[in-house]
Amino acid sequence: ATGFGVLLGFDWRIGLSCLACAALFMVLTRRVSCGSIAAAISLPIFMVVFDGGYLPWSIAVALIVLWRHRTNIVRPGEEPPVSLSKKKEEQKREGEE
């Protein structure tokens, strides 16, 4: 959330583009870490597309995010999926009881 706020302040087009990229990957994979990684990788690309400058900074941020999520990269599938519906989650819990 903090990184998103910084990107919005820096250039709203880059911030919203990274948010859209993260949301897309979270919906497709149901994993927050995949969304974060996709947004981080897309940040330098959007910097170039929108001529935001600070390309070295954006590459450094992308590398930091990749480093922080390295355990999710090495052990895929262990992160619990994000549930987009409370009903499905409640039904799953009721079925377990």
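I looked up His69 first: apart from neighbours within four places in sequence, His69 is in contact with Ser33, Ser36 and Ile37 (contact means heavy atoms within 4.5 Å). The model is predicted, so I note that local features need pLDDT of at least 70 and side-chain atom pairs pLDDT 80 or more, while totals for chains, interfaces and linings use all residues. Residues are numbered from 1 along each chain as its sequence is written, and side-chain values use heavy atoms, with hydrogens and water left out.

**His69, continued**

I placed His69 in the loop between α4 and α5 (70-74). Is His69 buried or exposed? His69 is buried, at a relative accessible area of 19%; buried means under 20%, exposed over 50%, and partly exposed in between, with a 1.4 Å probe and protein chains only.

**The whole chain**

I found six helices and zero strands, in the order α-α-α-α-α-α along the sequence. Helices (H or I, at least four residues) and strands (E, at least two) are DSSP runs, numbered from the N terminus. Of the 97 residues, 25% count as buried. For contacts with a separation of 6 or more, I read that 52% are between residues 24 or more positions apart. The chain exposes about 7000 Å², and carbon and sulfur atoms supply 65% of that area. Accessible areas come from the Shrake-Rupley method with a 1.4 Å probe; for residues, only the protein chains shown count as cover.

**Aromatic rings**

I counted three aromatic pairs. Rings of Phe, Tyr and Trp (its six-membered ring) pair if their centres lie within 6.5 Å; planes under 30 degrees apart are stacked, over 60 edge-to-face, and the rest tilted. Why is the pair of Phe10 and Trp57 tilted? The ring centres of Phe10 and Trp57 are 6.0 Å apart and the planes stand at 35 degrees, so the pair is tilted. Phe10 is in helix α1 (residues 2-10) and Trp57 in helix α4, so the pair ties together parts 47 residues apart in sequence. Helix α4 covers residues 55-68. Both are partly exposed: Phe10 at 32% relative accessibility, Trp57 at 36%. Ring pairs link Phe10, Tyr54 and Trp57 into a cluster.

**Cysteines**

How many disulfides are there? I count zero disulfides, a disulfide being a pair of cysteine sulfur atoms within 2.5 Å. For Cys18, the closest cysteine sulfur is in Cys21, 6.9 Å away, which is too far for a bond. Cys18 is buried at 5% relative accessibility, whereas Cys34 is partly exposed at 29%.
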